[in-house]
Amino acid sequence: MARIAIGGFQHETNCFVEPKTDFAYFAAHRDRPPLVYGADVMTWLTGTTFAMAGFLKDMGRHELVPLLWTSGGAGGLVTRDAFERISASLVGRLSEAMPVDAVYLDLHGAMVTEDFEDGEGEVLRRIRAAVGPAVPIVISLDYHANVTPEIVALTDALIAYRTYPHVDRVETGEYAARAMQAVLERGRPLGRALRKPPFLIPLNGQCTLVEPSKGITAGSKVVEGDLVNLSYLAGFPPSDLHWCGPSVIAHAWTQEAADRAADQMLAAIEAQEARFAEKMVSPEDGVARAIAVARTATRPVVIADTQDNPGCGGTSDSTGLLKALIAAGAQGAVLGFLCDADAAKAAHAAGEGAEVRLALGGRSGPEGVTPLEAAWRVAKLGSGKFRTDGVVVGGRDVDVGLMALLVLGGVSVAVTSKRLQAYDQAPFRHLGIEPARQKILALKSTCHYRGEFEPIAEEVIVVLAPGYYLADPVAYPFRRLRQGVRLRPQGPEFKGATANPR
Ligand SMILES: [Zn+2]
């Protein structure tokens, strides 16, 4: 039996979106648990679809010391205040819990703060300082982590999700538990390797339901031969840091094994550079196609509003696709989820069945995005408190604030008060909408929607309406990225902040 400190501190930072992510945002209960401390970590995380839940499943025979767990989702830079307060609690609680035999952290891996471009690297540096050189540190990361040399050097096992949509978070935690067991038995592994393919991969090209990402992730390993782990992470392009982009990581009991495995996987990725791609069209073309297909289809046509995905830092109140649906006279269309707390409040004040004149969404930019002002019919109201039940984020008791279903012509809009990616069907049902029975489902999501909605869809169309996630990383004004990296597969090279080849 070992004494293992456990915790989680997650953020996926889009450096190009305005509002920063503050302490209150981490602390709030949203589409995930609030910031929880000590024993509350077990209460909130056990049985959920987070990696921590998978780790907890298999570690019952050890003495676990829960520190804290929080996820700020995706959004703008993490404030100094939030980072320092949460890090201080995490490290302070760890120091009080010493001595421990090992540490497990459920991290994301794409955190950028006001002070640190590698947020997790800084957290791990402090954790390592607290536990000293002998104690193994095992981490699990999101598939969208931007892994740095510091993260690899400071840890002893690094396990990543192998799927996007992320349907294997729990398994990832179980793998982390397996790696933990191995390093507890054999000690800190000496071999470490990090390889960075020389190009960024847009999120739209990272889906593991299709090649080449499907085959690449299938090559991942946990505790096999001399390897502790061989992990592939696709990276999160909207994070502006030197080491942004995909990574291959190996931890092993010999350096030779780590190098060999990492080199092999890197070669396979580089050989497939031309294959990372997804077809995308304008909102107008996408809506026209959806209406045409929906005429004879028996299942909904899904339109993905990929660039306003809150999971990538989008504000979720962009109106480009909504306006295209209205302009084209779409019928039987439902859009979700548009974040507008004021609209939800006004709808609740008016009551079900009432008509309210309001300017919906479109208040957060980017430039050119405006609200859709109209007389909306309030078709249904909801508390925003319900349990998710799908394959991607199921099992969460969420609180996304007041919700309302607003209708204009043949288009219904599912409105939330807090940002919510369209990666579960429960929020639609909460508003009386059965997704499978709609003609058109317009979803603010980049890839996660595929886990839950592709199986019920007649066809999936990805559109490029304005939003803060840019599907083509070439368009981001990077400042810190390393020179020479290609901004997309086979794309132009980054030549420094002043020569962004836009
Ligand atoms: Zn992710």
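## Sheet

Two strands count as paired if DSSP finds at least two bridges between them. In this predicted model, eight strands form an open sheet with mixed pairing, in the order S13-S14-S17-S18-S12-S19-S11-S20. The edges are strand S13 (355-360) and strand S20 (459-463); each has a single partner strand, so one side of each is left without a neighbour in the sheet. On average, and with direction ignored, neighbouring strands of this sheet are turned by 30° against each other.

Within the sheet, strand S17 (residues 403-408) and strand S18 (residues 411-416) run antiparallel and are joined by five bridges. Leu408 stands opposite Val411 in S18.

## Helix on the sheet

Helix H10 (residues 283-294) packs on the sheet, where it touches strand S11 (301-305), strand S19 (440-443) and S20. The direction of H10 makes about 165° with that of S20.

## Zinc site

Which protein atoms are the donors of the zinc ion? They are Asp142 (OD), Asp142 (OD), His144 (ND1) and His166 (NE2), at 2.1 to 2.7 Å from the ion. The donor residues follow the sequence spacing D-x1-H-x21-H. His144 is in the loop between strand S5 (137-141) and helix H6 (149-154), and His166 is in the loop between strand S6 (157-160) and helix H7 (169-186), so the pair ties together parts that are 22 residues apart in sequence. Both His144 and His166 are buried.

Why is the arrangement irregular? The four donor atoms around the zinc ion subtend angles of 52 to 146°, whereas a tetrahedral arrangement would need all angles between 85 and 135 degrees.

Terms used:
Residues numbered from 1 in each chain as written. Predicted model: local features only at pLDDT ≥ 70, side-chain atom pairs only at ≥ 80, totals over all residues. Heavy atoms only, no water. Donors = N, O, S within 2.8 Å, 3.2 Å for Na, K, Ca; no water. Tetrahedral: all angles 85-135°; square planar, octahedral: opposite > 155°, others 65-115°. Helix = DSSP H or I, 4+ residues; strand = E, 2+ residues; numbered from the N terminus. Buried < 20%, exposed > 50% of the residue type's maximum accessible area, 1.4 Å probe, protein only. Axes fitted to C-alpha atoms, helices over the stretch in contact; angles between N-to-C directions. Contact = heavy atoms within 4.5 Å.
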